[in-house]
Amino acid sequence: MKLDFASVNQRHSVEDLLARRGIQLRPSGQTKICPCPIHNQQTGQSFTVYPAENRWYCFSAKCRRGGDVTDLLVALDGITKAEAARILGAEQLPGEAPKRQRPAPPPPPPRVDLARLLAEHTFDGYDVELWEESSIRPDEDPEHDWRLMLGALFAPGDVLWMGEPEESGKPWNLANFRSRAQWLECPSRPAGRVAAGVFHPDSFSRCRASVARSPFVVIEGDTYDRDPERNKAACAALFAWLRSIGLRQRAVIDTGGKSLHGWFDRPADDLLSALRTRADALRIDAGLLDRCAWSPLRLPGCTHSRTGKPARLLFLAK
Ligand SMILES: [Zn+2]
């Protein structure tokens, strides 16, 4: 028997399948959301249904998967796609209401419209999920996390700038440029911030010309939502998408303000230029992709002047 996936997906709706399992959805803009039934989510509502397309997606790092009705049955019951299609293709299951006819033709294959996903996305518990995903567990006390972060991201001989933003450009600012090994000898957290680049030895100015190597891109969006927590959740959703297109996430910092900083391994040139081109659509700072190497970035533990909250390390990977 040849299985007609298109017709199965046309005749069944994602919403009905969830409703039959007693799963309640909450409207959220053009979408509907709920705690994810696939990974049995305890906090958060990262499972999103797109009724217009009759599709679904789970944004959690635990899933990061989506699809049509057949894919949902596969994910829920751990069966094969062929089995799911046969179940859905059966005329009627015992005790089941007659199937709703869907007049619309099957939608085109998924193409994630990121701006729309971000606008509609709520992602409670993003910090817990990042922490659970983290291969190096951040400390309870953010005061110590700068050591973990420098240790994981840089080599002992890498020359790093740390300090207050204005501590640059004068000969005495040589003291703000030290090797990672020297910084880690400090008994307590150095004041201020850090730049994401590796500098030439004997630099005293935090500028492009002093940068020897730029191993990371730092990605931030602060215009997704006025509410700081919702804006951070949108940043987390963006980072999940960046990971899905091949970027390697190394650190995520809650700045203590309204956004997250995602530190990613500097991607290949073609991917980087695609990011630059799409920066406006993604609502990220295109300049920061390069400027992060010599910009003063928030270090875990440093207090945000406007909110009084410390920056926190949420995720770190060697
Ligand atoms: Zn899930």
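Reply: The open sheet has four strands in the order S11-S13-S12-S14, and the pairing is antiparallel. Strands here are DSSP runs of E with at least two residues, helices are runs of H or I with at least four, and both are numbered from the N terminus. Two strands pair if DSSP finds at least two bridges between them. The model is predicted: local features need pLDDT of at least 70, side-chain atom pairs count only at pLDDT 80 or more, and totals for chains, interfaces and linings use all residues. Residues are numbered from 1 along each chain as its sequence is written.

At the edges are strand S11 (216-219) and strand S14 (312-316), each pairing on one side only. On average, neighbouring strands are turned by 20 degrees against each other, direction ignored. Axes are lines fitted to C-alpha atoms, for helices over the stretch in contact, and angles run from 0 to 180 degrees between N-to-C directions.

Strand S12 (residues 249-254) and strand S13 (residues 260-265) run antiparallel and are joined by five bridges. Gln249 stands opposite Phe264 in S13.

Two helices pack on this sheet. H6 touches S12 and S14, and its direction makes about 50 degrees with that of S14. H7 touches S12, S13 and S14, and its direction makes about 35 degrees with that of S14. Contact means that the C-beta atoms of two residues, placed from the backbone, lie within 7 Å.

Arg137 lies in the loop between helix H6 (126-133) and helix H7 (145-153). Arg137 and Phe315 are 178 residues apart in sequence, yet 7.3 Å apart in space, C-alpha to C-alpha.
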